[in-house]
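Here is a walk through a multi-chain model, going from chain contacts down to single residues. Keep the structure open while you read.

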Amino acid sequence: MTLTLALVQILNGLQFGLILFLIAAGLTLVFGVMDFINLAHGVQYMVGAYFVAAFTAMTGSFLYGLALALPTALAFGLLLEVLIFRHLYDRSHLDQVLATFGVIIFLNQAVKFVWGAAPLNVPIPDALSGTIEITDGMLYPVYRLVIIAVGLAVGLALYLVVNKTRLGMLVRAGASNAAMVSALGVNIRFLFTIVFGVGAMLAGFAGAMVAPILSVEPGMGDNVLILAFVVIVIGGIGSIRGAFIAALLIGLVDTLGRFFAPTLLRVLLDPATASQTGRAIAPMLIYILMAAVLFFRPSGLFPSKQ
Amino acid sequence: MSNAPLQLQNLCKNYGALRVTDDVSVNIEAGELHAIIGPNGAGKTTLIHQISGLAQSDSGRIIFDGQDVTKLPMSERARLGLVRSFQITSILPRFSALENVALAVQARSGSSFNFFGNAAAEPKLNDTAMTLLARFGLAGRASVPAGQMSHGEKRQLEIAIALAAQPKLLLLDEPLAGTSHDESQRLINTLQELRRELPIVLIEHDMDAVFALADRVSVLVYGRIIASGTPQSIRDNAEVRAAYLGEEAA
Amino acid sequence: MSVNNFVDLDTPAAAALGVPARPGRVFVLPLVVFALFALVPLLAMQGPQSFILALVTRIMILALAAMSLDLLIGYGAMISFGHAAFVGLGAYSVAILSSHGINDGFIQLGVALAVSFLFALFTGAISLRTKGVYFIMITLAFGQMLYFLGTSLAAYGGDDGLTLASRSTLFGSKILKNDIVLYYVVFGFLLGAYLLLRGIVASRFGRVLRGIRENPVRMEAIGFAPYRYQLTAYVIAGMIAGVSGCLLANQTEFVSPAFTTWQRSGDLIFVIVLGGLGSLHGAIIGAAVFSLLADILSHYTEHWALIFGPILILVVLYARGGIGGLLGSKP
C-alpha cells in the first residue's frame, strides 16, 4: 500500500518536475546567453494556459486548441521581446527586474480584464481522460503520463539541439562567453531572438499542457516563476543539463516532501504536532535545498560560466 | 632559509587545460625593484593576481614577510602590506580623488565598523590622503571625481591609493599602460623615488622604463620564468632575445 | 571580472554620492518632506481626517521599509528581492505575541528586531556568498520560503492571515488606539530611521559600503573584505524593515502571508527606483507617489494595474534617477 502510494507520488513529482523543466529551460538559456533576467517568463506560462483554454473553447478540441496556442504563445513572446525586452538587454539587472515586474503586473490584470477573474477549466481530451492500472489496484491518470512522456521527449530534443547542432553550439558558447560569439561574426541579436522565442514557446507549452489538470487563473505563473528560478539557480545558470536535473530534483522533493514529511515526523513527535509541523516544513524544503546547494556551490551544480 | 620579503615557490595555475603559471619560483629581495617582462599572454597579470590574492594558486607557496599567505584572500594580504595596483585603472569613479585615497588610509587606520561620524570630514584621514595626493601632483585635483580625471592622473591616483594602504611591498601591473610620453616620464620619476622606499614588483611593457628602473629582471614566457638576472644579463641572454626581445626589435 | 555586478551606476542620484555633498541643499528636500508629514494631522482636520491619517500612516510605513532597502540597493548595490520577508516577520511578531495575550509594544518590538536580526544573519550569510543574478534570486526564494511558512501556520490563520485582538500597548496603556498617536509614533520611527541611515551612509562604515558598490575588487585590494560589510548592512536593513512590519500590523490590525510575497518585495524596489535610488528621502517620495497613484487609479477603475504596470516600465526605460532625479535633488 505505502509502496504504491509512494510510486504515485514519485510519478506526480516527475510530472511536476518536467513541467518545471519546460519553463526553466527557456529561462536559463535567456539568462545564460543574454544575461537578461526575465521575471515575465512566468506570465508566458500563464498566457499559454489561457490561449489553450480560449482556443479549446473555440474549436471544441484540445488538440486543435494546443496547435493554435503554441504559435500564438510564440508570437506573443516575440511581440513582448520587440516592444519591451529588446530595450533592456543592455540595462542593469535592476532595470530588467523592475521593467519585467511591470510586465507581470500588467498582464496579470490584462487576463483578468479579458477572461475574468474566475478560474477557467479546460477539459482533458476524451482519448486521454482515462486511468491505467500501474500496479495492483493502483490507478494513474493517463493524461499525467502523457505529460511525463512529452516532457521527457522535449528534454531529449533540447539536449540534442543544444549539444549536437551548430545552433546549439552557438547557444552554449554564448552562455559561457557572449562577447566571443559576437566576435565570431554571428548575428547575436538574431541568436537572442531565436533563444527567446523558443524559451517563450516552451513556457507557453508547459502552461498549455497543465491547463486541463490545474485551474487557469490570473497570477498562476507567479509562483511557478519562483520555482523555475530555484531550478536554474540550483542547476547553474545557462545549463540545460543542470536545469533538467534540478527540475526533477525540485519536483520530487516538493511532491514527496509534502506527502512524507508529516509521516516521517511522526517518528519524533506526536501525530497532531507531526502533521502540523510537517505541513509547515514541507513547502520550505526546496528553499532549504537551494540554500544548501548555494552554500557549497555558489554558482549552482553545473555552472556554465567559469 | 631566505629572508627575502616575498618568496614565490613553485607556483602553478591552470585555466582548464591551459597552464598559465608553470612552476614559478623567485625571491624578491629587500630594497629591489624587480621587473617581470614577457610577451603578451605570457601570464604576467595572472601571476600578479596570484601574488595579490585576486586569483588563488593551484599549487606552490607564497611567503610574504615571513608568513605563508598562499591561501589568504586579497583583503588580508593587503592588510599585511602586500598591496597591488591594476593594469586597467581601478578606482572608485564617483568618489573624489581625495576620498579614493582617504578610503585606503581608513583601511589601515582604526575600525571601519564605525557607524557614526562623518568619515569624509575626518582630518586624520584627509590630511594623510592630501599629503599623498600632493606628492603625486594631484593636490589641486583633490575634489574632482576620480572618473573625470585624465588617464595620466588616474594612473598617478592608482599608485597613490596603493601607497595609502601602507604597503611593505608594492605590486605594480603595467603602471605606464596607455600613458602619453610626458605622463609616463612623470610616472617613471615617481617610481624612481618609490624604489628607494620599498621593494617593488613591476610588470611593464615599456622596455626603456624597465631597463632604466629595474635592479633585476625576470622573463616570463608561457607561464615559465626562462631567465632572471640583472638588466644587462637579460639583455645579453640569447634565449631571451630569441623568445622575446628579438620580437620587439623586429 | 565585472566591476559592478549589481547596480547600474549611471543614475544621477548615485553619481552624486561619492562627491562630498554641499551641505544645506541636500537637506532642504528631506526637511520639507518631514515638515509636511508633521503637519498632516493638523491639515487633515479640515477634511476626511481618518481617511487621510490612515493613508499617510501607510505611506510612512511603506517609506520606512523602502528606505531600509535603499541602504542595500542604493548604497550597497545588493539587489534584494526578498525584503518584504522582514516586513512580514515584524508583523507576525506582533500578531503572534498578541494572539498569546502579549500586547506590550516594547516586547513585540524587541522580538521583531531579534527575529529579523536572526533571519537576516542566516539568509544574508548564505545569499552574500553569491553574486549578481544569483543574489537576486536567492533573496527572492528566501522571501518566498517565509511566505509558504506563513501560509502553513494553521494555528495563526494560515492563508487567511490573523486579525489582531488589539493594537500594541505602551506602558500598559492602549494609547495606540488613537490614530493620531499611532501616526506620530510611525512618524517618529521614520524620522529616527532616516537620521540613523543618514548617519550610517556618511560614516566610515557607510563609506566602505559605498566603495564596495563602486568597485568591490578595488576595495579588496586596499584591505576591505566586502562580505562582512555587506552582511552588516543586510542585517541593519532587515531589522529596520522588521520595525516597519510591527507598525504595519498595528495600523492594519491584521497580518497575512501576503505581506511577504515577492510582489511586495517588487513594490519596495519600485518605490525606491521611483523616488530615486541612493538618496534615502527618495524612498519617502517614492512611497508617497506609489501609494497615491495606486489609490487614485483604483478610484477610477478596478483594472488600475493595467495603468500601473506600464508606468513602472516607462519609469525604468525613460525616467532613470526617478522623481528625485527629475526634481534635480542631486547636490
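A word on burial before anything else: a residue is buried if 20 or more other C-beta atoms lie within 10 Å of its own, exposed if 12 or fewer, and partly exposed in between, with C-beta atoms placed from the backbone. Helices (H or I, at least four residues) and strands (E, at least two) are DSSP runs, numbered from the N terminus. This is a predicted model, so local features need pLDDT of at least 70 and side-chain atom pairs count only at pLDDT 80 or more, while totals for chains, interfaces and linings use all residues. Residues are numbered from 1 along each chain as its sequence is written, and chains are lettered from A and ligands numbered from 1 in the order in which they are written.

Let's begin with who touches whom. Two residues are in contact if their C-beta atoms, placed from the backbone, lie within 7 Å. Of the two pairs of chains in contact, chains A and C share the most contacts. That contact takes 38 residues from chain A and 40 residues from chain C. On the chain A side, α4, α9 (220-235), α11 (271-281) and α12 (285-296) each supply at least two residues, and α4(A) gives the largest share, 15 residues. Chain C also meets chain B, where 33 residues of chain B are in contact with 26 residues of chain C. Here α2 (74-80) and α3 (97-107) of chain B each supply at least two residues of the side that touches chain C, with the largest share, five residues, coming from α3(B). Chains A and B do not touch, and their nearest C-alpha atoms are 9 Å apart.

Now for chain C itself. Chain C holds 14 helices and two strands, and 58% of its 331 residues count as buried. Take the contacts in chain C between residues at least 6 apart in sequence: 80% of them join residues at least 24 apart.

Which residues of α13(C) are buried? They are Ala305(C), Gly309(C), Leu312(C), Ile313(C), Val315(C) and Val316(C). Seen down the axis of α13(C), these buried residues fall within an arc of 160°, so they line one face of the helix; the arc is that of the directions from the helix axis to the C-beta atoms. Leu314(C) and Tyr318(C), on the other side of α13(C), are exposed. What do the buried residues of α13(C) pack against? Their partners are α4 (93-115) of chain A together with α11 (262-275) of chain C.

Next, a helix pair. The axes of α4 (residues 84-99) and α10 (residues 226-252) of chain C come within 6 Å and cross at roughly 50°. Axes are lines fitted to C-alpha atoms, for helices over the stretch in contact, and angles run from 0 to 180 degrees between N-to-C directions. α4(C) and α10(C) are therefore oblique to each other; angles under 35 degrees count as roughly parallel, over 145 as roughly antiparallel, 65 to 115 as roughly perpendicular and the rest as oblique. Among the residues that meet are Gly88(C), Ala91(C) and Ala95(C) in α4(C), and Gly238(C), Gly242(C) and Gly245(C) in α10(C).

Two backbone angles in chain C deserve a glance. Most residues other than glycine have a negative phi. Phe171(C) has a positive phi, near 50°, and sits in the loop between β1 (162-163) and α7 (179-202) of chain C. With 8 C-beta neighbours inside 10 Å, Phe171(C) counts as exposed. Glu253(C), also not a glycine, has a positive phi of about 55°. Glu253(C) lies in the loop between α10 and β2 (254-255) of chain C and, with 15 C-beta neighbours inside 10 Å, counts as partly exposed.

Finally, hop over to chain A. Gly242(A) is found in helix α10 (residues 240-265) of chain A and is buried, with 24 other C-beta atoms within 10 Å. Leaving aside neighbours within four places in sequence, Gly242(A) is in contact with Gly235(A), Gly236(A), Gly300(A), Leu301(A) and Phe302(A).
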